[in-house]
Amino acid sequence: MTAPVLVCGSMAFDAIAVFEGHFGEHILPDRIHSLSVSFLVPTLRREFGGCAGNVAYNLKLLGGTPLPVASVGEDADGYLQRMQDLGISTAHVKVVPGTLTAQCWITTDLDDNQITAFHPGAMGQSAQNDFGARTGAAWGVVSPDAKDGMFAHAERMNKLGIPFVFDLGQAMPLFEGADIERMITLAQVLTANDYEAGVIEQRTGRKIADIAKTMQAVIVTRGGEGATLMTDGQTIEVPPVKAAAVVDPTGCGDAHRAGLVYGLTQGWNWLDSCRLANVMGSIKIASRGAQNHKPTRAEIDGLLRASYGIGLPA
């Protein structure tokens, strides 16, 4: 068994719709002050999602030992049973009576742009979900959740000496510059996509490269262009893995985080961990939904070897 990873964040039900057009053709810049748009979405699916659930799912595909830390509502029986059937522990998933599990409505256009609405539900009480001191975790992930929950989990891991990855993601609207700075002082690793990195720079008044000097590593994902790794005073471009198909970006960032942290639990260096992260993101984008891709570990290993000349541990 590999060392456990605490995966703190949301577990949610995702309603994913596909708009068979381009948002940019319907949003008029000179009317943005009184925005009123409607999109016809012929395709609609309800999926298991949430950042903690997605990262845990991908970690399990790799043979990792995820410990999701999340708060769910009374409607989560099916989700909890699914995780247990996959061999994922739900010991740190708290059911909050009288609430619904978080719900996310995602609309994606043909350019893979997304418009998302989110109802937090039970997630609003995530700060009260204390995972305790006896998890045996080697690494952690603090992913989008209620703001106070993200800080509570970060401070608990910091106090216990558990290094963790901070993923701002969809929690971006909740974090001012001072909040981001506070989280950076607690975390060892910062991950963000290209857009989020720009927002972090704007809100903190600091360049990402400067932030990287105060952390073990910063990773900025760039979609089909791969990722940028900043660590130990170096900036390294990690080339992308060509996806078999570009179908749905939902959950690609979570798959990437899973690959990264799995590599770290194996004692890999930052570059190889980022390479595995790119592989996981490329596999995910070829499948609809955040948890419907089902590669075998051998298939992941084969793609990793073909792309970068390294393999998963036996």
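Guide: L160 is partly exposed, at 38% relative accessible area; the term covers values between buried (under 20%) and exposed (over 50%), with a 1.4 Å probe and protein chains only. This is a predicted model, in which local features need pLDDT of at least 70, side-chain atom pairs count only at pLDDT 80 or more, and totals for chains, interfaces and linings use all residues. Residues are numbered from 1 along each chain as its sequence is written, and side-chain values use heavy atoms, with hydrogens and water left out.

L160 belongs to helix 3 (residues 147-160); helices here are DSSP runs of H or I with at least four residues, strands are runs of E with at least two, and both are numbered from the N terminus. Leaving aside neighbours within four places in sequence, L160 is in contact with F131, G132 and A133, where contact means heavy atoms within 4.5 Å. For L160 and A133, the C-alpha atoms are 7.0 Å apart, although 27 residues separate the pair in sequence.

Within helix 4 (residues 177-186), the buried residues are G177, D179, I180, M183, I184 and L186.

D194 forms one with R222, and their closest N and O atoms are 2.5 Å apart. Because D194 lies in helix 5 (residues 194-204) and R222 in the loop between strand 11 (217-221) and strand 12 (227-231), the pair ties together parts that are 28 residues apart in sequence. D194 counts as partly exposed at 44% relative accessibility, and R222 likewise at 30%.

The structure holds 11 salt bridges. One of them joins R275 to D272, with 2.8 Å between the closest N and O atoms. These two residues are three apart in helix 8 (residues 270-285), so about one helical turn separates them. R275 is partly exposed at 21% relative accessible area, whereas D272 is buried at 17%. In another salt bridge, the side chains of R305 and D301 meet at 2.8 Å, N to O. R305 and D301 are four residues apart in helix 9 (residues 297-308), and therefore about one helical turn lies between them. R305 is partly exposed, at 47%, and D301 is buried, at 16%. Elsewhere, R45, E47 and D248 are linked in a network of salt bridges.

The interior may be considered next. In soluble globular proteins, nonpolar side chains tend to be buried together. In this model the largest nonpolar core has 48 residues, and M11, L260, L276 and I300 have the most contacts inside it; such a core is a set of buried Ala, Val, Leu, Ile, Met, Phe, Trp, Tyr and Cys residues joined through side-chain atoms within 4.5 Å. Residues up to four places away in sequence not being counted, L260 touches V165, V189, T191, I219, W270, S273, C274 and A277. A second, separate core contains 35 residues, including C8, M150, L186 and M215.

Helix 1 (residues 51-62) is largely enclosed by the rest of the structure, because 11 of its 12 residues are buried. Among the buried ones are C51, Y57 and L62. Just after helix 1, G63 takes a positive phi of about 95°.

T108, in strand 6 (residues 102-108), counts as buried at 5% relative accessibility. With residues up to four places away in sequence not counted, T108 touches A17, V18, F19, F23, N113, Q114, P249 and T250.

At the surface, I32, L35 and V37 form a nonpolar patch with about 250 Å² of accessible area together. Patches are made of residues with over 30% relative accessible area and no salt bridge, with like charges joined within 9 Å and nonpolar side chains (Val, Leu, Ile, Met, Phe, Trp, Tyr) within 5 Å. Accessible areas come from the Shrake-Rupley method with a 1.4 Å probe, and for residues only the protein chains shown count as cover. I32 is found in the loop between strand 2 (12-18) and strand 3 (43-49).

Notes
Salt bridge = Lys/Arg side-chain N within 4 Å of Asp/Glu carboxyl O.
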